[in-house]
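Here are some notes for a colleague who has not looked at this structure before. They go point by point and can be read beside the sequence and the model.

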Amino acid sequence: MMAPLDELSARLGVAFADIDLLRRALIHRSYLNERVEERMRLADNERLEFLGDTVVNYLAAMLVFEHFPSAGEGELTAWRTALVRTETLADLARRFDLGSYVFLARGEDLSGARRRGTLLADTFEAVVAAIALDRGIEAARAFLLPLFEAELATLRAYGPPLDYKSALQSRI
């Protein structure tokens, strides 16, 4: 029987040299709040989430920059924003069932946090950072770009995304 982190690593298609990076990407701060004795040797995923947010935004920006050579800054921003929004990242996290691997406090778990979009999106960003730190930015690109390519294909079917302000201005 495969260990849970090895199972997740296989789902992600990434062979981690340091599986502890993946573990840290999955530790929600609430988990450590309940386990005082583990706080000294474990860290939550917030630092990885910070880095992952930047990596995800960078790779999304590169993708839309390459896919839309004649688009201006506003349109490029709209496409990138559509790729990195909480709902999109949470959906990507659900594809890998990340919620079932997150280390949570009992109360958070009972409240349904494993299905919460913000938690899933944050965890996805932390996992991307773990991939980048463990295997390099090219491995993060190889992991993320096919996911973003598929999402972009779906988004293109509906035309360029509009933020709320742009949508309102187009109706006036």
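1. The model is a predicted one.

2. What surrounds N45? Leaving aside residues up to four places away in sequence, N45 touches R24, A25, L26, I27, H28, T123 and A126. One of these, A25, has its backbone oxygen 3.0 Å from a polar atom of the N45 side chain.

3. Helix α4 covers residues 46-67 and helix α8 covers residues 117-135. Their axes approach to within 7 Å and cross at roughly 85°. The two helices are therefore roughly perpendicular to each other, since angles of 65 to 115 degrees are classed that way.

4. Which residues make the contact of α4 with α8? On the α4 side they are L48, E49, L51, G52, D53, V55 and V56. On the α8 side they are D122, E125, A126, V128, A129, A130 and L133. By type, this contact consists of nine nonpolar residues, one polar residue and four charged residues. A126 of α8 takes part here, and A126 is also among the residues touched by N45.

5. F50 is another residue of helix α4. Is F50 buried or exposed? Its relative accessibility is 62%, so F50 counts as exposed, the limit for that being over 50%. Between F50 and A129 there are 8.3 Å in space, C-alpha to C-alpha, and 79 residues in sequence.

6. Helix α8 also meets helix α9: the axes of α8 and α9 come within 6 Å and cross at roughly 140°. That angle makes α8 oblique to α9. An angle has to be over 145 degrees to count as roughly antiparallel.

7. From α8, the residues in this second contact are F124, V128, I131, A132 and R135. From α9, they are I137, A139, A140, F143, L144 and L147. The contact of α8 with α9 has 10 nonpolar residues, no polar ones and one charged residue.

8. How many aromatic pairs does the structure hold? There are four. One of them joins F96 and F143: the ring centres are 5.4 Å apart, the planes are at 40°, and the pair is tilted. F96 is in the loop between α6 (86-95) and α7 (106-110), whereas F143 is in helix α9 (residues 137-156). The pair thus links distant parts of the chain, 47 residues apart. Both F96 and F143 are buried.

9. F143 pairs with F124 as well: the ring centres are 6.0 Å apart and the planes are at 35°, so this pair is tilted. F124 belongs to helix α8 and F143 to helix α9, so the pair ties together parts that are 19 residues apart in sequence. F124 has 1% relative accessibility and therefore counts as buried. For F143 the relative accessible area is 8%, so F143 is buried.

10. Taken together, F96, F124 and F143 form one aromatic cluster.

Methods: Residues are numbered from 1 along each chain as its sequence is written. This is a predicted model: local features need pLDDT of at least 70, side-chain atom pairs count only at pLDDT 80 or more; totals for chains, interfaces and linings use all residues. Side-chain values use heavy atoms; hydrogens and water are left out. Axes are lines fitted to C-alpha atoms, for helices over the stretch in contact, and angles run from 0 to 180 degrees between N-to-C directions. Helices (H or I, at least four residues) and strands (E, at least two) are DSSP runs, numbered from the N terminus. Angles under 35 degrees count as roughly parallel, over 145 as roughly antiparallel, 65 to 115 as roughly perpendicular and the rest as oblique. Contact means heavy atoms within 4.5 Å. Ala, Val, Leu, Ile, Met, Phe, Trp, Tyr, Cys and Pro count as nonpolar, Asp, Glu, Lys and Arg as charged, and the others, Gly among them, as polar. A polar contact is a pair of N or O atoms within 3.5 Å; within protein, one must be able to donate a hydrogen and the other to accept it, and residues adjacent in sequence count only if both atoms are side-chain atoms. Rings of Phe, Tyr and Trp (its six-membered ring) pair if their centres lie within 6.5 Å; planes under 30 degrees apart count as stacked, over 60 as edge-to-face and the rest as tilted. Buried means under 20% relative accessible area, exposed over 50%, partly exposed in between (1.4 Å probe, protein chains only).
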